[in-house]
Amino acid sequence: MSDIQFDGLTRRFRDRAVVREASGHIQSGEFVVVLGRSGCGKSTLLNLLAGLDRPDGGRVRFSEHAFEAMSDRALTLLRRRRIGLIFQAYNLVPTLSVAENVALPLELNGVTATQRVGQWLTRVGLEDFGDAMPEQLSGGEQQRVAVARALVHEPEVIMADEPTGNLDLANAERVVALLDDLCREAGRTLLMVTHSQEVVGLADRLLTIRDGQLVLA
Ligand SMILES: Nc1ncnc2c1ncn2[C@@H]1O[C@H](COP(=O)(O)OP(=O)(O)O)[C@@H](O)[C@H]1O
Ligand SMILES: [Mg+2]
C-alpha cells in the first residue's frame with residue numbers, strides 16, 4: 001500500500017532551516033493533520049513529502065519508492081498516478097470548464113472516462129455544473145471541483161495544503177467532511193496541513209510543527 005516514511009528531513013532557505021530534522025510515519029489509510037501557525041513550514045514539508053521539492057538533508061520513502069533515488073520525471077509520474085493534491089487557492093485551470101478540469105488527471109494518465117468525471121462531480125454535489133467555467137462558481141464550489149479533480153484517478157494518497165484557507169466556516173466544514181468521507185470509504189491516506197483548528201476533530205492523528213520539527217500534539 002502507500003505508507004509514507006520520512007527521516008531527518010531538513011530544508012533550508014538561505015541560512016534558515018525551515019524544516020529541521022523532521023521525522024515521521026504516515027500509515028496507509030490514516031487521516032493526519034499537520035497544524036502550525038502561518039510561516040512555520042507546513043507547505044515546505046508537504047512539498048517535500050509530495051516530491052515537489054528536494055530536502056537538504058534526510059529522506060522520504062513513499063511505499064517502496066525512495067525519493068532520493070528518483071529523477072524529477074519519475075517523481076512526476078509517481079505523483080500523477082498515486083497522489084492527489086489540493087491547494088488553498090483551488091488552482092483550477094480558468095480556461096477549462098469544470099468537467100474538463102476534473103478530467104485532467106485522467107487525461108495525463110492516458111485515460112478517457114467521461115462517465116467517471118460525471119460520477120465524481122455528482123459525489124461532490126456539482127453534477128449540474130460540468131459545463132460551467134470555474135469563475136462562475138463560489139469558493140466552496142471551486143474547492144469541491146478541486147476535490148473531485150484530486151480524487152478522479154483514485155490515488156492512494158491525498159495531500160491538501162490549507163484546503164479550507166479561503167472558505168467560510170460552513171464551506172470549510174463541508175469540504176473537510178467530504179474529503180474525510182471520500183478517503184475513508186476507499187482506505188485512502190489523507191494528509192492535510194492547516195493553521196485552523198476546525199479540521200482537527202475528524203483526524204486520526206494530529207501533529208504540530210514547532211521550530212521546524214514535528215511533534216505529537
Ligand atoms: N522558496 C522559498 N524561498 C525562500 N524562502 C521560502 C521559500 N518557501 C518558503 N520560504 C520561507 O519558509 C518559511 C515557511 O514557509 P511555508 O512552508 O510556506 O510556511 P506555511 O505553509 O506554514 O505558512 C517562511 O518564512 C517562508 O517565507
Ligand atoms: Mg502554507
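Apart from neighbours within four places in sequence, Arg188 makes contact with Glu156, Val157, Ile158 and Cys183. The model is predicted. Arg188 sits in the loop that links helix H6 (169-184) to strand S8 (189-194). The C-alpha atom of Arg188 is separated by 13 Å from that of Ser63. Along the chain, Arg188 and Ser63 are 125 residues apart.

Ser63 belongs to the turn of a hairpin formed by strands S4 and S5. Two residues lie between these strands. Ser63 has a positive phi of about 55 degrees. S4 and S5 (residues 65-66) pair in the antiparallel sense, over two bridges. In one pairing, Phe62 has His65 of S5 as its bridge partner.

S4 (residues 57-62) also pairs with strand S1 (residues 4-13). These strands run antiparallel and are joined by five bridges. Thr10 has Gly57 of S4 as its bridge partner.

The surroundings of ligand 1 were examined next. Its shell consists of Phe13, Val18, Gly36, Ser38, Gly39, Cys40, Gly41, Lys42, Ser43 and Thr44. Helix H1 (residues 42-49) gives the most to this shell, with three residues. By class, the shell holds six polar, three nonpolar and one charged residues.

Technical notes: Residues are numbered from 1 along each chain as its sequence is written. Chains are lettered from A and ligands numbered from 1 in the order in which they are written. This is a predicted model: local features need pLDDT of at least 70, side-chain atom pairs count only at pLDDT 80 or more; totals for chains, interfaces and linings use all residues. Two strands pair if DSSP finds at least two bridges between them. Helices (H or I, at least four residues) and strands (E, at least two) are DSSP runs, numbered from the N terminus. Two residues are in contact if their C-beta atoms, placed from the backbone, lie within 7 Å. A residue is near a molecule or strand if its C-beta atom, placed from the backbone, lies within 6 Å of it. Ala, Val, Leu, Ile, Met, Phe, Trp, Tyr, Cys and Pro count as nonpolar, Asp, Glu, Lys and Arg as charged, and the others, Gly among them, as polar.
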